[in-house]
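Below are some notes on the model, in numbered points. Please read them with the structure open.

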Amino acid sequence: MAAINAVTDLSTVGKVSVITLNSPPVNALSADVRDGLAGAFKQAGADPATNAIVLICDGRTFIAGADISEFGKPPRGASLFEVQTAIENSPKPVIGAIHGTALGGGLEVALCCHYRVAVPSAKCGLPEVHLGLLPGAGGTQRLPRIVGVEKALEMVTSGQHVPGKQCLAMGLVDELAEEGKLREAAIAFAEKVVAEKRPLRKVRDSNEKVEAARGNTELFASFRKANARKFRGFMAPESNIKCIEAAVNLPFDEGMKEERRLFTELVTGTQSAAQRYSFFAEREVWKIPDVPADTPQIPVKTVGIIGAGTMGGGIAMNFVNVGIPVILVETTQEALDRGIKVVRANYERSAKNGRFTMEQVEQRMALITPTTRLEDIANVDLVIEAVFERMEVKKEIFTKLDAFMKQGAILGTNTSALNIDEIASVTKRPQDVIGLHFFSPANVMRLLEVVRADHTSKAVIATSMAIAKKIGKIAALVGVCPGFVGNRILAARRRAAEQLMMQGTMPWDIDRVLYDFGFPMGVYAMSDLAGLDLGWVKAESKGLTLRDRLCELDRRGQKTGKGYYDYDENRNPTPSPVTEGIIKEFIAKSGNTPRVAPDEEILERCLLPMINEGAKILAEGKAIRASDIDIIYQAGYGFPVYRGGPMFYADQIGLAKVVERMKHYAAQGADFVPAPLLAELAAAGKRFQDWRG
Ligand code: 3HC
């Protein structure tokens, strides 16, 4: 075997040249890889002793795409286009041998091979859309030529990873190889191609499938319409669609030009910058500087959940979904039955939608053991307390747990606001106590705030992060403070919105601006959904706040058909004259002259306090890094992914500008006084994303 460069080898088996890439972790198309491929294809092409070429990768995967970390940097080495041209124009048949994932540029390289062989566990996809991009190396032009326009549209706009068998069925691969025998199978396939004198098949020349869709404008119109909600705000899906249209309507080379034009537009834009940042942020969030990856973990084989309400039931589903048995505790049989019934109904709904079978529903339900005796959880490895938010109640439960739980069990609380150090203080084992803040609905929402208290041990933190990953969450480690990270920042936005409202801007105008920014819903629509009466006590209500007044009128949100908004029978909201009347009364009483803030001001006054609160959180060490806050906001609060998150958004505006705008609103009070860290970074011309406490 001859080394072409540090990441590429070329060897010969009989009359077949085998090019092997080995560039961990994922064989991304870095400059080294491209150089290696260019050199290897040149050499193999010129070798008179061979008559076919196999391209295969070592390690866990085939090429998983372009090297994302190279985007935005000056180009180095051979271009991807040169490499692809060398493959496609090779005088000898080239066979791509795929295991792991052939993604993005990786699949685009494979599409330039004349044939493809894969193992059944391999997956192929064009996930660029998740990076705010489109496949920029011919993927949008070649894919529909193989799989047809409908499937190509689906693949490029969803970024789905298509399993090997399906790839075979749609013609994306030509043959499936036995697992673990890919190399031999690809070589045998190459020999067969030579023996049978099969043509050097170039995908670019195969026009049948794209021509079949030519003139079919309805196909694209209905695809756009069907996905309008999903794509809202994102630029990349539309650009991907336009490229597929180009594949249908233009000759290959013209289509390639259109792809290049749209790719360049996206790759230099802010959305893709935000989405690429998010890709790395989602991986960074798991890394905890003082809890290294090799920290010993506590095996979690069983879980006890205290509270079978909406939260407890949803949390239980996460664990049974991955086969971990749960003991679910409630104080009364009636509440327990109700909780179990809700879990079952959720599963049955999923079964009805075809997500799994009734047999799987029963398997999952069988993993839940309901009980009304708290002591029944004495031997579980992890407890999650999910009762209502009263410190006395939580303390009482943790005192009991401390008395009977087996030593070494993790004692988690799902509190969303209470001081976990105070909860831990009633136990003799505060090192085992941790916050596990799930978001509602807990079986659906991806975010988990793992809250580290003063004495939480590293093993408990490492285990909590690992278990979060296992149940499919994205977890961020945060510190104890009111509202932790997510709700603390949300409270800042809420204060800003309330202030705007009490100065004369109506809730629906505030919501509209936030929705247009890209949030799935605004502040008040969200309140109506959650219920205005969360924490509201009728007997204590004195009509002093807008919420009191609305709840007293039974305007408790969507569930009563009215809240800030009025709702029709399909839960469509309309602005409520009743709400508006009450707001105006409050304004009149306060002596303020009502003033409707312009949209730009609404947006700035809602977002600047969030950014400022984020800066305080960082300075206090309650989040590890700015990108963790952004991940929390994307995964738990609907911050538009294409804007990165509040901290990235601030970086993009420029922190000096952020400070300047805050000063502009100085009269609005404390939330508009720049936090010291923000002021300091702004003065130094730095960004949140470069800051490391
Ligand atoms: N470029 C640079 N680094 C990458 C990378 C890429 N394309 N893909 C993965 N990595 C890095 C990750 O950042 C991570 O680094 P870390 O260990 O330092 O945190 C490491 O590789 C391992 O990645 P994961 O933790 O994600 O490993 P998994 O095994 O869970 O997943 C994967 C593997 C499915 C390949 C996943 O990494 C992935 O989805 N990668 C991105 C694939 C992609 O988007 N490809 C398209 C790129 S854009 C493109 O090709 C443009 C072209 O059209 C011109």
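1. Buried here means under 20% relative accessible area, exposed means over 50%, and partly exposed lies in between (1.4 Å probe, protein chains only). At 3% relative accessibility, H437 is therefore buried.

2. The model is predicted, so local features need pLDDT of at least 70 and side-chain atom pairs count only at pLDDT 80 or more, while totals for chains, interfaces and linings use all residues. Residues are numbered from 1 along each chain as its sequence is written, and side-chain values use heavy atoms, with hydrogens and water left out.

3. H437 belongs to strand β16 (residues 433-438). Helices (H or I, at least four residues) and strands (E, at least two) are DSSP runs, numbered from the N terminus. Apart from neighbours within four places in sequence, H437 is in contact with T413, N414, T415, S416, L447, L448, E449, F484 and N487. Contact means heavy atoms within 4.5 Å.

4. G105 is placed in helix α3 (residues 105-110). With a relative accessible area of 4%, G105 is buried. Which residues does G105 contact, leaving aside its neighbours within four places in sequence? They are L29, G65, A66 and E128. E128 is 23 residues from G105 along the chain, and their C-alpha atoms are separated by 8.9 Å.

5. Helix α9 (residues 217-231) packs with helix α10 (residues 236-249) at an angle of about 165 degrees, and their axes are 11 Å apart. That makes α9 roughly antiparallel to α10. Axes are lines fitted to C-alpha atoms, for helices over the stretch in contact, and angles run from 0 to 180 degrees between N-to-C directions. Angles under 35 degrees count as roughly parallel, over 145 as roughly antiparallel, 65 to 115 as roughly perpendicular and the rest as oblique.

6. On the α9 side of this contact are F220, F223, R224 and F231; on the α10 side are P237, E238, I241, K242, I244, E245 and V248. By class, the contact of α9 with α10 has 7 nonpolar, no polar and 4 charged residues. Ala, Val, Leu, Ile, Met, Phe, Trp, Tyr, Cys and Pro count as nonpolar, Asp, Glu, Lys and Arg as charged, and the others, Gly among them, as polar.

7. In helix α27 (residues 655-664), L655, V658, V659, R661 and M662 are the buried residues. They lie on the same side of α27 because they cover an arc of only 165 degrees around the axis. The arc is that of the directions from the helix axis to the C-beta atoms. On the other side of α27, A656, K663 and H664 are exposed. The buried residues of α27 pack against α24 (599-619), α26 (646-653) and α28 (676-683).
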